[in-house]
Amino acid sequence: MISNENEIINNYSNNYNNNKKQKIKKWNITKKIRKIFKGTNNNSIIINRIYNNTNNINNTNNTNSNNNNPNNNKINKNKEIENDNINELPIEILGNIFRLLIIHFKIETPSHKEFTNILGTNKLWNNIGISVLETIKLDRCKHLPSIESFKMMKKMESLKQLKIIGGQAMDIEYIEVVKSLNQLTHLNLFSNKIGDIGFKNLAIALEESGSKLKFLGLSYCDLTKLSGKPLCQLFKKNQSLQEIILSYNQLMEEGTIEMAKGLPYSCSLIKLSLSNNEIGDLGAKEIGEALSQNKTITELDLRCNSIGSKGSNYICQYLKDNRSLVEIDLWGNSLGNDGANGIGKALETNQYIKSINLTRNSIQEQGIKFITNALSLSLCSIVTIDLSSNSLTLEGTKEISRALSFNRSIENINLSSNKIDSNGSKILCKSLLKNNTIKSLNLSMNDIGEQGCIYFYRVLKKSKNLKELNLSLNKIGNKGLINLLSNQFDYDLEFEQQLQQQQQQQQQQQQQQQQQQQLHNHYDNDMEISLELNINNNNINNDIINLNDSNDFKYIKSLNLSQNQITFSNEIIELVLNTLKNNIQITQLNLESNTILSNSSLSQNSPLKRLVSFSKINNITIGYL
């Protein structure tokens, strides 16, 4: 960007080299432009200077009434000179200065009130604005601008993004203006109730070959099944659209069936969101068939669409032939155990899907086996999986743990709200110690309790790959926090030796690529080895094993312990503070919505005061205590 400014300045200096009154020093203007990108102080000075000049223009009549005061005249004269100098800059330089301001401060007009005031700085703003504005946002306007003002956008060749969020619905006259903006790449009409008629008119323009639009947001736009055919034609003819958001409309089965007929012809669409459209099983079937032929869609959002096991099995059947889909979101449907069976079969054969969301799908321990069988295979490619709110309980946790013991691709897993207790925690932690890929684990809203925290101390201490752990809403209390952050127990040496042997066996089995049933048998034998803690045994040789020295976890970066019925006394606060001091890699230790005792004040040198100060100095997020 700066190199372009130098070229403009050089041309200007050469053209006016013989005119001393209009000559402007190259280095001086370049310096002013570059100041925009230096520290907040310089930014504030520039903005305030422009803003003050704006006020001078608006208050010209007031200065005339104060002419009797010599001091006021002197001040006004200086300000007028400064304002004249700004307005006498060449329009090319002014345009680039404003462009830098818009980009640097991410300004969207006309919603940005401060910048609207800045516009008065320059007498030529109407000309400059047409050439530099890239984004216009009308946010929940009760009344749209007059149609004459709206038509001004036709002259803005630089305009790339138009956002009309909620507010007065655009009628045909306004939509005609939007249709003529061929330079747009981003159009967001979120919650603007254009309806089927409005969208049909808009889609006609987007079907033309000259369209450059890449993003189209149509959530909450009152689209019904009647928009199915226009969407079909749009997908068939438009060659630029990469992402379309159709969430929270009423396409229903009929509209989805019509729309899906155009998807095989799309050669540009990458992201398709159809959440909350009640597409049902028949709509899911048509989407699945379209996916078997489409070669470009990588992300598909089908959340909350009343899709049952039949609908999901249709999709899974066609996924066998798809090689482009990377992410699929089925949150809040009704797949059940039968649907989980189809998901498992699809994941066994499709090595291209990296992320799948199965939250709130009534998948129980019988159904989770089909999915974990696929996750246990060496060919599994899933990186992110969400199984939250499925009531997996202890048996389901065992299946997940088995899969994690052998899986080598999953990095992020969400198991929140699955009734996992301390026994499930023990089994899960054992598999985490053998897993080398999990980076983020969400176990919020379970029943881990204070006993379960004992096992997670071991994970925090030993796991090199786990960076984020969410244990919020688990009722761990003060004892659980102590168990988690400070080792109070000695681990059985026999378990340590057995764990190493299991890891060696696992590597050998992976190299030999044994069949899935062999993995089951191995895990069943493996489960007989329990994770035992000698809480009351004082006869263990601490020279052999001693993890009591410090709570240095070394690898964890984010630990969420919010809403856990913890009462922060001075002793507990000291424990948290020592944990932060011993683990400089931690950037987040969320302790929100717990209780602070009245004697834990913010007085100088109090533990709470030192905790707050330490977190601020080291940029550690601890939440609102």
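Leaving aside its neighbours within four places in sequence, which residues is Ser 593 in contact with? In this predicted model, the partners are Gln 563 and Tyr 624. Ser 593 itself sits in a loop. That loop runs between β19 (588-590) and β20 (595-596). Asn 564 lies 29 residues away from Ser 593 along the chain. Even so, the C-alpha atoms of Ser 593 and Asn 564 are separated by 7.8 Å.

A helix pair was examined next. Helix α20 spans residues 449-462, and helix α21 spans residues 477-485. Their axes come within 7 Å. The crossing angle is roughly 20°. Angles under 35 degrees count as roughly parallel, and α20 and α21 are therefore roughly parallel to each other. The crossing of α20 past α21 is right-handed.

Residues from both helices form the contact. On the α20 side are Glu 450, Cys 453, Ile 454, Phe 456, Tyr 457 and Leu 460. They meet Lys 479, Gly 480, Asn 483, Leu 484 and Leu 485 of α21. By class, seven residues in this contact are nonpolar, two are polar and two are charged.

In soluble globular proteins, nonpolar side chains tend to be buried together. Here the largest nonpolar core has 123 residues. Within that core, Leu 216 and Ile 244 touch the most other members. Beyond four places in sequence, Leu 216 is in contact with several leucines: Leu 187, Leu 202, Leu 206, Leu 234 and Leu 241 are among its partners. Phe 199, Ile 244 and Ile 245 also contact Leu 216. Glu 243 is another of the contacts of Leu 216.

Terms used:
Residues are numbered from 1 along each chain as its sequence is written. This is a predicted model: local features need pLDDT of at least 70, side-chain atom pairs count only at pLDDT 80 or more; totals for chains, interfaces and linings use all residues. Side-chain values use heavy atoms; hydrogens and water are left out. Helices (H or I, at least four residues) and strands (E, at least two) are DSSP runs, numbered from the N terminus. Contact means heavy atoms within 4.5 Å. Axes are lines fitted to C-alpha atoms, for helices over the stretch in contact, and angles run from 0 to 180 degrees between N-to-C directions. Angles under 35 degrees count as roughly parallel, over 145 as roughly antiparallel, 65 to 115 as roughly perpendicular and the rest as oblique. A crossing is left-handed if the near helix is turned anticlockwise from the far one by less than a right angle, and right-handed if clockwise. Ala, Val, Leu, Ile, Met, Phe, Trp, Tyr, Cys and Pro count as nonpolar, Asp, Glu, Lys and Arg as charged, and the others, Gly among them, as polar. A nonpolar core is a set of buried Ala, Val, Leu, Ile, Met, Phe, Trp, Tyr and Cys residues joined through side-chain atoms within 4.5 Å. Buried means under 20% relative accessible area, exposed over 50%, partly exposed in between (1.4 Å probe, protein chains only).
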